[in-house]
Amino acid sequence: MYHIGIDLGGTNIAAGIVDENYNIIKKGSTPTNADRSPDEITADIAALCRRILEEAGVTLESIHSIGIATPGTANSHTGEILYANNLPFRNYPMEKKLTEFLGYSGRVYIANDANAAAKAEAVAGAAKGAKYSVMITLGTGVGGGIILDGQVYAGFNHAGAELGHMVIVKDGRQCTCGRRGCWETYSSATGLIRTTREKLEECRKSGRKTVMEEMIGGDLERISGRTAFRAMQAGDAVGAEVVDEYISYLATGLVNIINIFQPNVLSIGGGISNEGDSLIELLHSRVFAETYTRDDTPQCKLKIAKLKNDAGIIGAASLGR
(Lines give C-alpha, C1' and ligand atoms only; values in the text may rest on other atoms or scores of the structure.)
Protein backbone atom coordinates (compact mmCIF):
# COMPACT_ATOMS: atom_id res chain seq x y z
CA MET A 1 0.00 0.00 0.00
CA TYR A 2 1.31 3.41 -0.95
CA HIS A 3 0.55 7.04 -0.18
CA ILE A 4 1.21 10.17 -2.23
CA GLY A 5 2.63 13.25 -0.54
CA ILE A 6 2.46 16.65 -2.25
CA ASP A 7 4.55 19.62 -1.14
CA LEU A 8 2.81 22.68 -2.57
CA GLY A 9 5.18 25.65 -2.71
CA GLY A 10 5.05 29.13 -4.14
CA THR A 11 7.71 28.29 -6.75
CA ASN A 12 7.56 24.51 -7.20
CA ILE A 13 5.23 21.62 -6.49
CA ALA A 14 6.94 18.40 -5.41
CA ALA A 15 5.20 15.05 -5.13
CA GLY A 16 6.33 11.60 -4.06
CA ILE A 17 5.03 8.07 -3.69
CA VAL A 18 5.73 6.92 -0.14
CA ASP A 19 5.65 3.35 1.12
CA GLU A 20 4.51 2.03 4.51
CA ASN A 21 8.00 2.58 5.95
CA TYR A 22 8.00 6.27 4.92
CA ASN A 23 10.48 5.70 2.10
CA ILE A 24 10.00 7.79 -1.03
CA ILE A 25 10.07 5.34 -3.93
CA LYS A 26 9.51 7.93 -6.65
CA LYS A 27 9.27 11.71 -6.73
CA GLY A 28 8.98 14.53 -9.22
CA SER A 29 8.25 18.23 -9.42
CA THR A 30 6.68 20.89 -11.61
CA PRO A 31 6.68 24.71 -11.51
CA THR A 32 3.80 26.23 -9.56
CA ASN A 33 3.33 29.29 -11.77
CA ALA A 34 1.42 30.86 -8.92
CA ASP A 35 -0.08 33.67 -10.99
CA ARG A 36 -2.61 31.19 -12.48
CA SER A 37 -6.03 30.13 -11.23
CA PRO A 38 -6.42 27.54 -8.43
CA ASP A 39 -7.99 25.06 -10.86
CA GLU A 40 -5.04 25.34 -13.26
CA ILE A 41 -2.57 24.68 -10.44
CA THR A 42 -4.64 21.75 -9.18
CA ALA A 43 -4.79 20.27 -12.68
CA ASP A 44 -0.98 20.35 -12.73
CA ILE A 45 -0.86 18.61 -9.34
CA ALA A 46 -3.05 15.85 -10.76
CA ALA A 47 -0.85 15.58 -13.86
CA LEU A 48 2.26 15.36 -11.66
CA CYS A 49 0.67 12.56 -9.62
CA ARG A 50 -0.19 10.62 -12.78
CA ARG A 51 3.36 11.07 -14.08
CA ILE A 52 5.13 9.72 -10.99
CA LEU A 53 2.66 6.83 -10.76
CA GLU A 54 3.43 5.87 -14.36
CA GLU A 55 7.19 6.20 -13.85
CA ALA A 56 7.04 4.05 -10.71
CA GLY A 57 4.76 1.45 -12.27
CA VAL A 58 2.21 1.96 -9.50
CA THR A 59 -1.54 2.12 -10.10
CA LEU A 60 -3.79 4.81 -8.68
CA GLU A 61 -5.83 2.03 -7.07
CA SER A 62 -2.76 1.13 -4.96
CA ILE A 63 -2.75 4.60 -3.37
CA HIS A 64 -4.34 4.46 0.06
CA SER A 65 -4.39 8.23 0.58
CA ILE A 66 -3.06 11.52 -0.78
CA GLY A 67 -1.80 14.34 1.41
CA ILE A 68 -1.00 17.95 0.59
CA ALA A 69 1.33 20.22 2.57
CA THR A 70 0.42 23.81 1.77
CA PRO A 71 1.57 27.24 2.93
CA GLY A 72 -0.98 29.19 4.92
CA THR A 73 -4.13 27.94 6.60
CA ALA A 74 -5.73 24.59 5.72
CA ASN A 75 -8.93 23.06 7.10
CA SER A 76 -8.10 19.39 7.52
CA HIS A 77 -11.76 18.54 8.20
CA THR A 78 -13.31 20.07 5.07
CA GLY A 79 -10.31 19.60 2.75
CA GLU A 80 -10.12 23.32 1.98
CA ILE A 81 -7.14 25.62 1.64
CA LEU A 82 -8.52 28.65 3.46
CA TYR A 83 -5.70 31.09 2.74
CA ALA A 84 -2.16 31.12 1.38
CA ASN A 85 -0.50 34.50 1.04
CA ASN A 86 1.74 33.56 -1.92
CA LEU A 87 -0.80 31.36 -3.74
CA PRO A 88 -4.26 32.16 -5.18
CA PHE A 89 -6.19 29.81 -2.87
CA ARG A 90 -9.05 31.35 -0.86
CA ASN A 91 -11.50 28.89 0.72
CA TYR A 92 -10.61 26.53 -2.12
CA PRO A 93 -12.06 22.97 -1.95
CA MET A 94 -8.77 21.24 -2.72
CA GLU A 95 -9.87 17.71 -1.73
CA LYS A 96 -12.96 17.87 -3.95
CA LYS A 97 -11.12 19.42 -6.89
CA LEU A 98 -8.06 17.14 -6.83
CA THR A 99 -10.15 13.98 -6.63
CA GLU A 100 -12.11 15.22 -9.66
CA PHE A 101 -9.04 16.14 -11.71
CA LEU A 102 -7.25 12.91 -10.81
CA GLY A 103 -10.23 10.57 -10.91
CA TYR A 104 -9.36 9.39 -7.42
CA SER A 105 -11.93 7.81 -5.11
CA GLY A 106 -9.88 7.92 -1.88
CA ARG A 107 -9.29 10.66 0.68
CA VAL A 108 -7.14 13.74 0.20
CA TYR A 109 -5.75 15.18 3.45
CA ILE A 110 -4.49 18.75 3.78
CA ALA A 111 -2.26 20.43 6.35
CA ASN A 112 -0.12 23.51 6.75
CA ASP A 113 3.38 22.81 5.41
CA ALA A 114 5.16 23.44 8.72
CA ASN A 115 2.72 21.13 10.50
CA ALA A 116 3.29 18.46 7.86
CA ALA A 117 7.06 18.77 8.25
CA ALA A 118 6.68 18.38 12.02
CA LYS A 119 4.60 15.25 11.44
CA ALA A 120 7.31 13.90 9.14
CA GLU A 121 10.01 14.38 11.75
CA ALA A 122 7.75 12.72 14.32
CA VAL A 123 7.12 9.59 12.27
CA ALA A 124 10.39 9.20 10.37
CA GLY A 125 12.93 11.82 11.44
CA ALA A 126 14.60 13.38 14.46
CA ALA A 127 11.54 12.97 16.70
CA LYS A 128 10.66 9.42 15.65
CA GLY A 129 9.04 7.62 18.55
CA ALA A 130 8.33 10.80 20.50
CA LYS A 131 4.76 11.29 21.69
CA TYR A 132 5.18 15.04 21.99
CA SER A 133 7.41 17.03 19.65
CA VAL A 134 7.85 20.46 18.13
CA MET A 135 9.66 21.37 14.95
CA ILE A 136 10.77 24.85 13.95
CA THR A 137 12.17 25.90 10.57
CA LEU A 138 14.65 28.75 10.33
CA GLY A 139 14.30 30.13 6.83
CA THR A 140 12.88 33.34 5.40
CA GLY A 141 10.64 33.29 8.47
CA VAL A 142 10.32 30.99 11.47
CA GLY A 143 7.82 28.21 10.86
CA GLY A 144 6.46 25.94 13.54
CA GLY A 145 4.71 22.61 13.89
CA ILE A 146 3.42 20.97 17.06
CA ILE A 147 2.70 17.28 17.63
CA LEU A 148 0.69 16.48 20.76
CA ASP A 149 -0.01 12.86 21.64
CA GLY A 150 1.02 11.90 18.11
CA GLN A 151 -1.39 14.32 16.42
CA VAL A 152 -0.81 17.63 14.61
CA TYR A 153 -2.05 20.55 16.70
CA ALA A 154 -3.52 23.37 14.60
CA GLY A 155 -6.03 25.02 16.92
CA PHE A 156 -9.80 25.29 16.57
CA ASN A 157 -9.49 27.52 13.48
CA HIS A 158 -6.60 25.61 11.82
CA ALA A 159 -4.24 28.62 12.17
CA GLY A 160 -2.28 27.50 15.23
CA ALA A 161 1.46 26.88 15.71
CA GLU A 162 2.59 30.25 14.31
CA LEU A 163 5.53 30.08 16.69
CA GLY A 164 7.56 32.67 14.80
CA HIS A 165 5.04 35.34 15.75
CA MET A 166 5.49 35.34 19.50
CA VAL A 167 7.01 38.64 20.58
CA ILE A 168 10.40 38.34 22.27
CA VAL A 169 11.41 42.05 22.10
CA LYS A 170 8.70 44.54 23.05
CA ASP A 171 8.44 47.31 20.43
CA GLY A 172 11.25 45.60 18.52
CA ARG A 173 11.71 45.03 14.80
CA GLN A 174 8.69 45.44 12.53
CA CYS A 175 7.29 42.09 11.41
CA THR A 176 5.38 41.36 8.22
CA CYS A 177 2.46 40.17 10.37
CA GLY A 178 1.95 43.71 11.68
CA ARG A 179 3.40 43.19 15.17
CA ARG A 180 6.75 44.41 16.41
CA GLY A 181 9.47 42.27 17.96
CA CYS A 182 8.32 38.87 16.67
CA TRP A 183 10.75 35.98 17.15
CA GLU A 184 11.12 35.48 13.41
CA THR A 185 12.40 39.04 12.91
CA TYR A 186 15.45 38.04 14.98
CA SER A 187 15.83 34.27 14.59
CA SER A 188 15.00 33.60 10.92
CA ALA A 189 17.74 33.59 8.31
CA THR A 190 16.34 36.97 7.26
CA GLY A 191 16.73 38.22 10.82
CA LEU A 192 20.31 36.92 11.05
CA ILE A 193 21.18 38.64 7.77
CA ARG A 194 19.76 41.90 9.14
CA THR A 195 21.75 41.58 12.36
CA THR A 196 24.93 40.86 10.36
CA ARG A 197 24.32 43.86 8.13
CA GLU A 198 23.73 46.18 11.07
CA LYS A 199 26.95 45.02 12.71
CA LEU A 200 28.93 45.55 9.49
CA GLU A 201 27.52 49.04 9.12
CA GLU A 202 28.59 49.80 12.69
CA CYS A 203 32.10 48.51 11.91
CA ARG A 204 32.35 50.70 8.84
CA LYS A 205 31.45 53.77 10.88
CA SER A 206 33.89 52.95 13.69
CA GLY A 207 36.70 51.61 11.49
CA ARG A 208 36.64 48.24 13.22
CA LYS A 209 38.02 45.42 11.05
CA THR A 210 36.24 42.15 10.31
CA VAL A 211 36.89 39.33 7.85
CA MET A 212 33.24 39.50 6.89
CA GLU A 213 34.05 42.45 4.63
CA GLU A 214 36.36 40.21 2.59
CA MET A 215 33.80 37.40 2.57
CA ILE A 216 31.17 39.59 0.98
CA GLY A 217 33.59 41.55 -1.20
CA GLY A 218 32.40 44.78 0.38
CA ASP A 219 28.87 44.22 -0.92
CA LEU A 220 26.25 44.12 1.85
CA GLU A 221 23.80 42.44 -0.53
CA ARG A 222 26.03 39.33 -0.50
CA ILE A 223 25.47 38.70 3.22
CA SER A 224 23.89 35.30 3.86
CA GLY A 225 22.79 33.36 6.89
CA ARG A 226 26.19 31.65 6.88
CA THR A 227 28.40 34.77 6.79
CA ALA A 228 28.65 35.38 10.54
CA PHE A 229 29.05 31.67 11.33
CA ARG A 230 31.91 31.33 8.82
CA ALA A 231 33.58 34.42 10.23
CA MET A 232 33.27 33.13 13.80
CA GLN A 233 34.80 29.82 12.76
CA ALA A 234 37.69 31.76 11.23
CA GLY A 235 38.34 33.43 14.59
CA ASP A 236 36.74 36.77 13.76
CA ALA A 237 35.53 38.65 16.86
CA VAL A 238 32.80 40.58 15.06
CA GLY A 239 31.38 37.40 13.53
CA ALA A 240 31.40 35.81 16.99
CA GLU A 241 29.44 38.77 18.38
CA VAL A 242 26.79 38.46 15.67
CA VAL A 243 26.42 34.72 16.27
CA ASP A 244 26.25 35.27 20.03
CA GLU A 245 23.43 37.80 19.60
CA TYR A 246 21.61 35.50 17.19
CA ILE A 247 21.89 32.49 19.52
CA SER A 248 20.59 34.61 22.40
CA TYR A 249 17.40 35.47 20.49
CA LEU A 250 16.96 31.95 19.17
CA ALA A 251 17.41 30.44 22.64
CA THR A 252 14.83 32.80 24.12
CA GLY A 253 12.15 31.51 21.76
CA LEU A 254 13.16 27.88 22.25
CA VAL A 255 12.91 28.21 26.03
CA ASN A 256 9.42 29.69 25.67
CA ILE A 257 8.34 26.74 23.50
CA ILE A 258 9.85 24.15 25.85
CA ASN A 259 8.29 25.74 28.93
CA ILE A 260 4.84 25.79 27.31
CA PHE A 261 4.80 22.37 25.63
CA GLN A 262 7.57 20.31 27.28
CA PRO A 263 8.05 18.16 24.16
CA ASN A 264 10.17 15.02 24.17
CA VAL A 265 12.06 16.45 21.18
CA LEU A 266 12.38 19.92 19.68
CA SER A 267 13.89 19.65 16.20
CA ILE A 268 15.33 22.50 14.15
CA GLY A 269 15.12 22.61 10.36
CA GLY A 270 15.53 25.21 7.64
CA GLY A 271 18.66 26.77 6.18
CA ILE A 272 20.27 27.73 9.50
CA SER A 273 20.03 24.10 10.64
CA ASN A 274 22.80 23.31 8.14
CA GLU A 275 25.17 24.44 10.89
CA GLY A 276 24.40 21.03 12.35
CA ASP A 277 25.59 19.86 15.76
CA SER A 278 27.61 23.05 16.28
CA LEU A 279 24.32 24.97 16.37
CA ILE A 280 22.95 22.60 19.02
CA GLU A 281 26.14 22.99 21.06
CA LEU A 282 25.82 26.79 21.00
CA LEU A 283 22.18 26.61 22.06
CA HIS A 284 22.30 23.88 24.66
CA SER A 285 23.73 25.67 27.69
CA ARG A 286 21.67 28.83 27.10
CA VAL A 287 18.41 26.97 26.65
CA PHE A 288 18.72 24.63 29.60
CA ALA A 289 19.96 27.37 31.90
CA GLU A 290 16.52 28.97 31.55
CA THR A 291 13.99 26.18 31.11
CA TYR A 292 11.53 25.77 33.96
CA THR A 293 12.44 22.14 34.68
CA ARG A 294 15.50 21.51 36.82
CA ASP A 295 17.47 18.80 38.56
CA ASP A 296 16.28 15.25 37.88
CA THR A 297 13.23 16.15 35.77
CA PRO A 298 13.48 14.61 32.27
CA GLN A 299 14.53 17.26 29.75
CA CYS A 300 13.51 17.97 26.17
CA LYS A 301 16.10 16.98 23.59
CA LEU A 302 17.26 19.55 21.02
CA LYS A 303 18.01 17.98 17.64
CA ILE A 304 18.67 18.94 14.03
CA ALA A 305 15.81 17.87 11.77
CA LYS A 306 16.75 14.93 9.54
CA LEU A 307 14.45 14.90 6.53
CA LYS A 308 15.44 18.22 4.91
CA ASN A 309 13.64 18.84 1.59
CA ASP A 310 11.75 15.54 1.80
CA ALA A 311 9.91 16.54 4.99
CA GLY A 312 6.98 18.10 3.12
CA ILE A 313 6.40 15.03 0.95
CA ILE A 314 6.77 12.52 3.80
CA GLY A 315 4.69 14.61 6.18
CA ALA A 316 1.91 15.06 3.64
CA ALA A 317 1.92 11.33 2.83
CA SER A 318 1.64 10.51 6.54
CA LEU A 319 -1.53 12.58 7.06
CA GLY A 320 -3.77 9.70 6.02
CA ARG A 321 -1.95 7.07 8.05
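**Thr-30.** I began with Thr-30, which lies in strand E3, residues 24-31. Helices (H or I, at least four residues) and strands (E, at least two) are DSSP runs, numbered from the N terminus. This is a predicted model, so I kept to its limits: local features need pLDDT of at least 70, side-chain atom pairs count only at pLDDT 80 or more, and totals for chains, interfaces and linings use all residues. Residues are numbered from 1 along each chain as its sequence is written, and side-chain values use heavy atoms, with hydrogens and water left out.

Is Thr-30 buried or exposed? Thr-30 is buried, because its relative accessible area is 17% (buried is under 20%, exposed over 50%, partly exposed in between, with a 1.4 Å probe and protein chains only). I then listed its contacts (heavy atoms within 4.5 Å). Setting aside neighbours within four places in sequence, Thr-30 touches Asn-12, Ile-13, Asp-44 and Leu-48.

**Helix H5.** Next I looked up H5, residues 189-206. Its 18 residues reach 26 Å from first C-alpha to last, close to the expected 26 Å (1.5 Å times one less than the number of residues). I noted its buried residues, among them Leu-192, Thr-196, Lys-199 and Cys-203.

I checked two aspartates. Asp-149 has a positive phi of about 55°. Asp-149 sits in the loop between strand E10 (142-148) and strand E11 (151-153). With a relative accessible area of 45%, Asp-149 is partly exposed. Asp-171 has a phi near 60°, also positive. Its place is the loop between E11 and H4. Asp-171 counts as exposed, because its relative accessibility is 57%.

**Whole chain.** I closed with the totals. The protein chain has ten helices and 13 strands. The C-alpha atoms fill a box of roughly 65 × 50 × 35 Å along the principal axes. Of the 321 residues, 50% count as buried. Among contacts with a separation of 6 or more, 61% join residues 24 or more positions apart.
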